Amino acid sequence: MTIHFKIGSLNKPAVSGEIDYVKRIVDTPISAEEFRTLHGYVEYIGVTSQFKNVINTFKDDPYNTPAGFKRTYTLEADGVLRIDLKRDISYDSNGVLRPTNVLFSADSANPYEIAPMSGFIANLTCNPGIIYDLFINNPKANIGNQFKNRDEVMVEIAKILGPGVDISVELNNPFEKDFELILEEAARFRDILSPHRVVIKVPHTGVVNASNVGELLQGNKKLSRGYKNVSTSDAFSSHNLCLKLKEHGYRVNYTLMFEAYQTQLALQAKPYFINTFLRQRLVQSQTVNNYVACYEATNDPIHLRNLQQYLVDIDNLLATDSPSLLEVYQLAKSMLKYRHFSDKEGLDGLDGMRHNLRCLKNCNLEDTRLIVCSMEGEFNYPDIDKLLCEPEFLELNKKVVITTEPEYFARFTSTPQVITYQRRFMNAAQGQK
């Protein structure tokens, strides 16, 4: 016979004035060993100030603890067992783990497409492009122009998603030199979403800075400096912004990570989320590989000239650069070698994801997770799904959040055979009750 123990099994009174809080957690499971240990020491059961803050922030349910929080407890010297709620999006309501270690997220600011999957995600990510271009200023999405500004959208999204979902929102201007103005923007997000849900997205900025970002907005919209021609100050500008925001109590989603070699240095900024971008990187690798293959098959230099132009188009080279065609060829070969594009480590475009997971395995940041983002095509998501079932990565599943547009996820909820079977079932039943 198996006997199940709970905090309530200790049969100890609540701390004076905290009974309405304590009644929410008496069902917290404890082991038989924990019961025997605690029973001899616990005099009262109480909650922490953080616990009270969480409950008072999310007041909808008077009987349970909200999703997005792990229940933890500490035995104090005076015999009070204090229950705390630690932010952890792996947990559903009442401290119950979500169905899988792998978590899902949506890239959207459209309340109409977020609502159908609100019960299945643990995070939402949005940036100015998603908020303004894809929703607010898109009459097909923002039906009847109901939402006029970012704050209105954030309020609605917070209402739809509830307490268990982190919401990552990107700064409108990461190049703002006045940190107080950045704090004002972050504080506005915090006021709308609550400190428990808000995550500030900080993009890596690299060679782009406040002085030259205007070049991206005018003329040919090309930067006059190559991505390698970066000062130490510019290179670490976004890293330092992450650290500053963390010092002010914000969790940070550090984004725009396209190559695996960015990861270890990014982790020094102590982010809550790091990212691995898949779509653009895989397409680039495939395109570069095609040019190289065509040149190697024909020895026709036109393929290297086309390759050089492509590298300019994707900002690997400047239009003013004048490398020899041999140097262009060697650059492309080096890129493909680093990305393992000719072996099983990178043929699926997931070598960066594999690398980042290994980095997290050896990382001392307990709460940091990897967001796998930017997907397309028939194989990206299925390949990710298979990778996470490989023995090496099973234990790292709890560090992974997969995010993309809701419509892309929707494609992988079903198969053609569903139609086949439903045809058979519906014709067999013929509407019988």
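In the predicted model, E170 and K201 form a salt bridge through their side chains, with an N to O distance of 3.8 Å. The two residues come from distant parts of the chain, E170 from strand β8 (residues 166-170) and K201 from strand β9 (residues 198-203), 31 residues apart. Both E170 and K201 are buried.

D107 is placed in strand β6 (residues 103-107). Its side chain makes polar contacts with the side chain of T125 at 2.3 Å and with that of T403 at 2.7 Å. Apart from neighbours within four places in sequence, the residues in contact with D107 are T125, I130, T403, T404, E405 and P406.

T403 is also touched by S374, whose other contacts beyond four places in sequence are F277, L278, R279, Q280 and N380. S374 is located in the loop between β12 (369-373) and α15 (380-387). The relative accessible area of S374 is 6%, so this residue is classed as buried. A polar contact of 2.7 Å connects the side chain of S374 to the side chain of Q280.

A salt bridge with an N to O distance of 3.1 Å joins the side chains of E259 and R281. E259 lies in the loop between β10 (251-255) and α10 (263-267), whereas R281 belongs to helix α11 (residues 279-298); the pair therefore ties together parts 22 residues apart in sequence. E259 and R281 are both buried.

The salt bridge between E156 and K159 has its closest N and O atoms 3.6 Å apart. These residues are separated by about one helical turn because they are three residues apart in helix α6 (residues 150-161). E156 is partly exposed, at 23% relative accessible area, and K159 is exposed, at 61%. Elsewhere, a network of salt bridges links E18, K52, E76 and R82. The whole structure contains 26 salt bridges.

The protein comprises 17 helices and 13 strands, and 46% of its 433 residues count as buried. Of the contacts between residues at least 6 apart in sequence, 67% join residues at least 24 apart. The accessible surface is about 23100 Å², with 52% belonging to carbon and sulfur atoms. The mean positions of the 48 positive and 52 negative charges lie 3 Å apart.

Conventions
Residues numbered from 1 in each chain as written. Predicted model: local features only at pLDDT ≥ 70, side-chain atom pairs only at ≥ 80, totals over all residues. Heavy atoms only, no water. Helix = DSSP H or I, 4+ residues; strand = E, 2+ residues; numbered from the N terminus. Polar contact = N/O pair within 3.5 Å; in protein donor to acceptor, adjacent residues only side chain to side chain. Contact = heavy atoms within 4.5 Å. Buried < 20%, exposed > 50% of the residue type's maximum accessible area, 1.4 Å probe, protein only. Areas by Shrake-Rupley, 256 points an atom, 1.4 Å probe, with all protein chains shown as cover. Lys, Arg positive; Asp, Glu negative; His and termini not counted. Charge placed at Lys NZ, Arg CZ, Asp CG, Glu CD. Salt bridge = Lys/Arg side-chain N within 4 Å of Asp/Glu carboxyl O.
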